[in-house]
Amino acid sequence: MIKKILVSQPQPTSEKSPYYDLEKTFKVHCVFRPFFKVEGLSAREFRQQKVNLLNYTAVVFTSRHAIDNYFKLAKEMRITIPEDMKYFCVIETIALYIQKYVPYHKRKVFFGNTGKIDDLIPLMLKHKAEKFLVPLSSVNSGKIARLLDEKKLNHTECVMYRTVSNDFTEEEKKSFDFDMIVFFSPTGVKALKQNFPDMVQGDLHIAAFGPATAKTVKEEGYRLDLQAPSAEHPSMTSALDAYLKKENKKK
């Protein structure tokens, strides 16, 4: 019987999160605990890439982490970002986050609707004269650079942050007792292996979101019990709903 689920993500900020609905429906307890954290590069590390922030007229943001670290590095290096800098964001929620650092002007903030870089490129093409800087994580597929190359846009990618394992404390390791773990990235799966190298899976159920995460679960020697998204279940919570119903019937 699944009673305690470890979700490798931060605690939802909204009380209307579907995870709380799962808790009520199936009488389960969800514990939210990220398996990795984002760490920004220091100004010294960033300088090694020989990228001058003032050489660019536009910045492409794919996440809030990118925004935080872009402005953090600018402050550390005592660089004043020009007021006419343009910002291109993959989705509106990220675009609105820029307000944390600079006044929001529609004439200089542009965003896509799907959260994918493909959807943002048509907007960028309307501003072909710009020199685009793309802050990224140390782990990236290179897809953005390939797409911008194809469209002959003037761009430079740079690393501004990295993901590192959010190690478990000795106390957390001793009290590690779950019926199910839900993963959302390959990094999270590797962090589990790193923190619990001798763990035997046994009756522990493992769920993975995305093909890369599912692949890593198997590569690390674990049994994969649930994979999302699928045609029937586009979200992890809807997949969990169906899975918990099925597991309850077994009991």
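The model is predicted, so local features need pLDDT of at least 70, side-chain atom pairs count only at pLDDT 80 or more, and totals for chains, interfaces and linings use all residues. Residues are numbered from 1 along each chain as its sequence is written, and side-chain values use heavy atoms, with hydrogens and water left out.

**Exercise 1.** Find what span helix α10 should have, and compare it with the model.

Step 1. Helices (H or I, at least four residues) and strands (E, at least two) are DSSP runs, numbered from the N terminus.
Step 2. The expected span is 1.5 Å times one less than the number of residues.

**Exercise 2.** Determine how the buried residues of α10 are arranged around its axis.

Step 1. Buried means under 20% relative accessible area (1.4 Å probe, protein chains only).
Step 2. In α10 the buried residues are Met236, Thr237, Ala239, Leu240, Tyr243, Leu244 and Glu247.
Step 3. Down the axis they fall within an arc of 145 degrees, so they line one face of α10; the arc uses directions from the axis to the C-beta atoms.
Step 4. Their packing partners are β1, α1, β9, β10 and β11, with contact meaning heavy atoms within 4.5 Å.

**Exercise 3.** State in which sense β3 and β7 each pair with β8.

Step 1. Two strands pair if DSSP finds at least two bridges between them.
Step 2. Strand β3 (36–40) and β8 (155–165) are antiparallel, with five bridges; valine 38 has threonine 163 as its bridge partner.
Step 3. Strand β7 (132–137) runs parallel to β8, with six bridges; leucine 136 stands opposite valine 159.

Technical notes:
Buried < 20%, exposed > 50% of the residue type's maximum accessible area, 1.4 Å probe, protein only.
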